[in-house]
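Subject: Structure for your files

Dear colleague,

Here is the structure I said I would pass on. Please open it next to the notes that come after it.

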Amino acid sequence: MTANTSRREFLQISSGFLATSAIVGQVPFLGYAPNAEAAPVADKIVPTTCELCFWRCGVDAHVKDGKVFKLTGQMDHPLSNGHLCPRGTGGIGLLYDPDRLRTPLIRKTDADGTQKFVEASWEEAIALIAKKYEEMTAANEADKIVFFSHGFGSSFFNRLFAAYGILNHAHPSYAQCRGAREEAFGMTFGHAVGSPEGLDIANSEYLVLIGSHLGENMHNTAVQDFSEAVSRGCKIIAVDPRFSVAASKAERWLPIKASTDLALLRAWIRILIEEELYDHEFVKANCIGLEELRAGVRDATPEATFAITGISVEDILAVGRDLGRYGSKALVHPGRHVSWYGDDTQRSRAIAILNALLGNYRMPGGLIHQTKKFGVGTPYKFTKKEGGHHYKSRFPLASQTPANEVVDETKKGNFKSWFVYGTNLVQTLGHVDDTIEAIKALDFLVVIDVLPMEITGYADVVLPEVTYLERYDDLDDRVYRRPYVALRQPAVPPLKGLNAKPGHEIAKLLAQAWKLDPGLFPPIEEYLDNRLKTVGSSLKQMSQVGVMVKEDPDIYRKPGEQLRFNTPTGKIELSSTRLKAAGFDGVPQYTSHPENPPGYLRLIYGRAPNHTFGRTSNNRFLGELLSENELWINRITALDLGLVDQEYVFLINQEGKKSSSKVRLKLTERIRPDAVYLVHGFGHTDPRLKWAFHRGVSANEMITQLTVDPIMGSTGMKNNFVTFAR
Ligand code: SF4
């Protein structure tokens, strides 16, 4: 099928379809003055799990008169330790957001061709989805449906689609975020870094952050660990074109030329090997490929690396030698969002190799392997439909489907329907026009969300979900240094005036419509209770305590412990057999990236501690903390260009794309002269997001040049350059 770009119009949902006064009337902070004397006393405190980002801290919801008025960190939860991050405390702003979706919507086309949304009952909306997918299945087109998801609530839809036979699944968190890191560590150590990351930062004595702006990138426990390390005197090295908050805590700030990080990492590998500073005993016992590695980085001299990166020979040598000196107590942080320049797997490989040479694997202050889950079981047996078709990525070492590959294949007509849970793809994937072109080529788009995010405007069916503070999800059985199981439960019932449902109910309605096994979705409380019984607990007990934690005595390796790694050779692979077999370099090599066109500055982007990209920018509480982003620009560069501090400008990128809104300039010495920096997630273009609409500018909108990693499809988004217009 060819792309039909005129058929699917973006629709604004009229204000009548959004929650307005019904919600505003319930906003508790309007009734409670924020001073200590007037602070209410809770009728009850409900332990549950945060979802303002995907870290999933334990949160205590303080409830009075049926309203949540405060959120605090659960004391016993290993991810919160009694604290929430600034975003997590603002979850009330999502619960009582006056712009929430209120009822299911169906796109209708009038006789004159006018498209509009009409309110629908759940029965109508579910029947339409069920019928459409039954028709596609009957036509052998179930393999043309893709399920996109982000967030823990999607687990019920995984189960639903596996039973129905829809097996194509894409997460933007793979190719747009952590995927290259996970593949690279898998190739090297045989397992991914994981989320929450298996890093013993709290006990590190020497921590290299390369593009990792911990503290601004706010994952609660990671930042707690970072604070602990700083307060204990851990030496921090911050490699970043921008003087980040982490750089302000650092012994050295290395203002690297953007896109050259891999060159610097190779130089440090070379120093460790050539100066015999690596952990000989560990490498001999556990690694293969040292000689190939030695030969593969021979050209990465400090002098050559200075010419590429702009980092002085003295700094390169000093950090390389310090890494060797601190050895297993040093850690090179693997980062989290790593889809930068298209060489992301090899850059992450270089980080993995450095850590291997340091011998910090399962050592205090190093990498830790978090395998031992709490182990909650299930008495239920859910079956998958046999014989379904899994889309096979064109990238040879991709273990998941890269989201941008789905966009490409959709434009070619190879996918015809997307079912999107909780991810605003229009503001997530880079190259917005491409994403919209793909969406317009779809026959059928279903979107589940809490808010009228941009992608809902393109949907055929919009299903409103309740927030994490109003619903159960499945049990969270993970490990962060200690295995734990945690409960997400409703702090309050779904708000009155909304016709929204929790994900498990939506999935169940679809299962019923498709006449799937009725046992697929038992009543949620019964289901959770029966699962908890497998570990000697119950829903009643967990609804009071929120979390159960075990100890893991094996978090560090013991002297003389024999290690085996899940790689083809059973060893840590300094030269990767999988990469070589697929025709790539076994040892990371550096190739240069495009330079700034004359008059343009490289656009780099990152996060603010108050927001989770575009997901929270409509949150009035968090908006009070940060209501718009600013463009950081070097003061000298700005003055040369005639730009003034705090003035608002449009951005225009190297392909002529102009931003939809203006952004305020922040003139600063804290960034290299050849780059500018934005916090991403702002610049919403949908007026239904009444708070966020046109506040700040969208970094995603400026990202039209995607550099795709040939190994696994990571979609590099930092190869774009901007200039300015008033
Ligand atoms: Fe919530 Fe913050 Fe934890 Fe994320 S890091 S789950 S926003 S408290």
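The notes below go from the whole chain to single elements and then to single residues.

This is a predicted model, in which local features need pLDDT of at least 70, side-chain atom pairs count only at pLDDT 80 or more, and totals for chains, interfaces and linings use all residues. Residues are numbered from 1 along each chain as its sequence is written, and side-chain values use heavy atoms, with hydrogens and water left out.

Whole chain

The chain has 22 helices and 27 strands; these are DSSP runs numbered from the N terminus, helices being H or I with at least four residues and strands E with at least two. Along the principal axes, the C-alpha atoms fill a box of roughly 70 × 65 × 65 Å.

Of the 726 residues, 62% are buried (buried is under 20% relative accessible area, exposed over 50%, partly exposed in between; 1.4 Å probe, protein chains only). Among contacts (heavy atoms within 4.5 Å) with a separation of 6 or more, 75% are between residues 24 or more positions apart. The accessible surface is about 26200 Å², and carbon and sulfur atoms supply 52% of that area; areas come from the Shrake-Rupley method with a 1.4 Å probe, and for residues only the protein chains shown count as cover.

The chain carries 84 positive and 84 negative charges, whose mean positions are 2 Å apart. Lys and Arg count as positive and Asp and Glu as negative, without His and the chain ends; each charge is placed at NZ of Lys, CZ of Arg, CG of Asp or CD of Glu.

Helix 15 (residues 432-441) is largely enclosed by the rest of the structure, because seven of its ten residues are buried. Those buried residues are Val432, Asp434, Thr435, Ile436, Ala438, Ile439 and Ala441. They pack against helix 14 (403-411), strand 13 (417-421), strand 14 (444-449) and helix 22 (699-702).

Strand 21 (residues 630-634) has four of its five residues buried. Strand 21 runs parallel to strand 23 (residues 663-668), with five bridges between them, and Ile633 has Leu667 of strand 23 as its bridge partner. With strand 24 (residues 675-679) the pairing is antiparallel, over two bridges; there Trp632 is partnered by Tyr677. Two strands count as paired if DSSP finds at least two bridges between them.

Single residues

Arg266 sits in helix 8 (residues 261-274) and counts as buried at 4% relative accessibility. Leaving out residues up to four places away in sequence, Arg266 touches Gly296, Val297, Asp299, Ala300, Pro588, Gln589 and Tyr590.

The peptide bond between Ser195 and Pro196 is cis, with omega about 0°. Pro196 belongs to the loop between helix 5 (172-189) and strand 8 (206-210).

Arg56, not a glycine, has a positive phi of about 70°. Arg56 is in the loop between strand 1 (44-49) and strand 2 (58-64) and is buried at 14% relative accessible area. Asn81, also not a glycine, has a positive phi of about 50°. Asn81 lies in the loop between strand 3 (67-73) and helix 2 (92-95) and is partly exposed at 30%.

Regards
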